[in-house]
Amino acid sequence: MKPTLTKGWRTAGLALIAFGMLLMAACGNSGNAQPANGSDSGTASGAAAGKKGDVTLVIGAYSVARDAFSKLLPEFAKEWKAKTGQTVTFQESYEASGTQARAIAGGFEADIAVLAMESDIDKIAKAGFITSDWRSAPYGGMITRSIAVMGTRKGNPKGIHDWEDLTRKGVKVLYPNPKTSGGAQWDINAMYGAGLKESEAKTGVKDPAYAKDFLKRIHKNVESLDKSGRASMAAFEYGFGDVIVTYENELLGRIKSGVAYDIVVPKSTILIENPAAIVDKNVDKHGTREVAEAFLAYMFTPEAQQIFADYGFRPVDPAVMEKVKDKYEVPEDLFDISYLGGWDEVRKTLYSPKGVWYQVLAGL
């Protein structure tokens, strides 16, 4: 397996650029960030009570949501104050999705979990912290959508046009580690699924062996596996790699911030769906269920969906999506997780100890 950092001096450089990227987003936060390891869970519980009439809501989210939440949280607080007279503040923790899910399942007292994929929410549910049917919310509990794309340096100097180009000699590829990053799993799902699509077009049936080989050929060009999508993006912007595999919304957000990227939408790629859920055990402990339910409902409103769209996400609300559809390219052959058999099948096929991904890492 290739090391996460290819040179010792890279750590310091990436820390500086990552700090710069995160500092801008952090300026919009209200409340104090909580560590994803849950070591301050007692603080979260005490803060939830707050002074009489006020309430604190603890957010445990994946790192990609940070920028949109810097706008969305204050807007909800303003609406809640006008509606109830109650001041709501937020304690926020942003981490790679898998890391965040393990933290909440391990005791970090988040009231709301906003993660990259439903399998991470399921980890929290299996640990006994989510007891309600979170999929009964609108759109199956998904608050945003995106697609897996490639980002290149301005002008696309390597001539990247589709996944096959990532297998070319001399093309250095970046994407994060699926052990910690939900975004990485979406990236790998997209590339593996594209391999299945290509084999199906050639033979009429899905060929897992072909798809595995396709993923293996791409992985030979992977320069490093970082902890999160944000870390991979920091590495790319620091000068590592020729192309980054990531969420479309991440690239749109960076372009909006003035960073020069070209976005390459592959012919075949996956529809990404990002869930949110109330962490029942924690809201009941904190006495925050009413405001937590209101915040979850707020994320489905046209106002919140427009905010998500402003930060590059594809809205789940059809009316909002219709308004902003011109900013998004429609892939020729878009598929969703069901094409791969659903998350249970994906976890078994790709990410189990003997799954395709670990075979690729081992060169098998």
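Tutor: Arg 230 is buried, with a relative accessible area of 8%. This is a predicted model, by the way, with a mean pLDDT of 86 for the chain, and 85% of the residues reach 70 or more. Take care with residues 1-51, though, where the pLDDT is below 50.

Back to Arg 230: its side chain meets that of Asp 67 in a salt bridge, 2.9 Å from N to O. The two sit in distant parts of the chain, 163 residues apart, with Arg 230 in helix H8 (residues 229-238) and Asp 67 in helix H3 (residues 66-84). Asp 67 counts as partly exposed, because its relative accessibility is 23% and the buried class stops under 20%.

That pair belongs to a set of 25 salt bridges found across the whole structure. Lys 154 and Asp 262 form another one, with their closest N and O atoms 3.7 Å apart. Here too distant parts of the chain are linked: Lys 154 lies in the loop between strands E4 and E5, Asp 262 in strand E8, 108 residues apart. Lys 154 is exposed, at 59% relative accessible area.

Then there's Lys 267 with Glu 332, where the closest N and O atoms are 4.0 Å apart. Both partners are in loops, 65 residues apart: Lys 267 between E8 and strand E9, Glu 332 between helix H13 and strand E11. Lys 267 counts as partly exposed at 43%, while Glu 332 is exposed at 66%.

Methods:
Residues numbered from 1 in each chain as written. Predicted model: local features only at pLDDT ≥ 70, side-chain atom pairs only at ≥ 80, totals over all residues. Heavy atoms only, no water. pLDDT = per-residue confidence, 0-100. Contact = heavy atoms within 4.5 Å. Helix = DSSP H or I, 4+ residues; strand = E, 2+ residues; numbered from the N terminus. Buried < 20%, exposed > 50% of the residue type's maximum accessible area, 1.4 Å probe, protein only.
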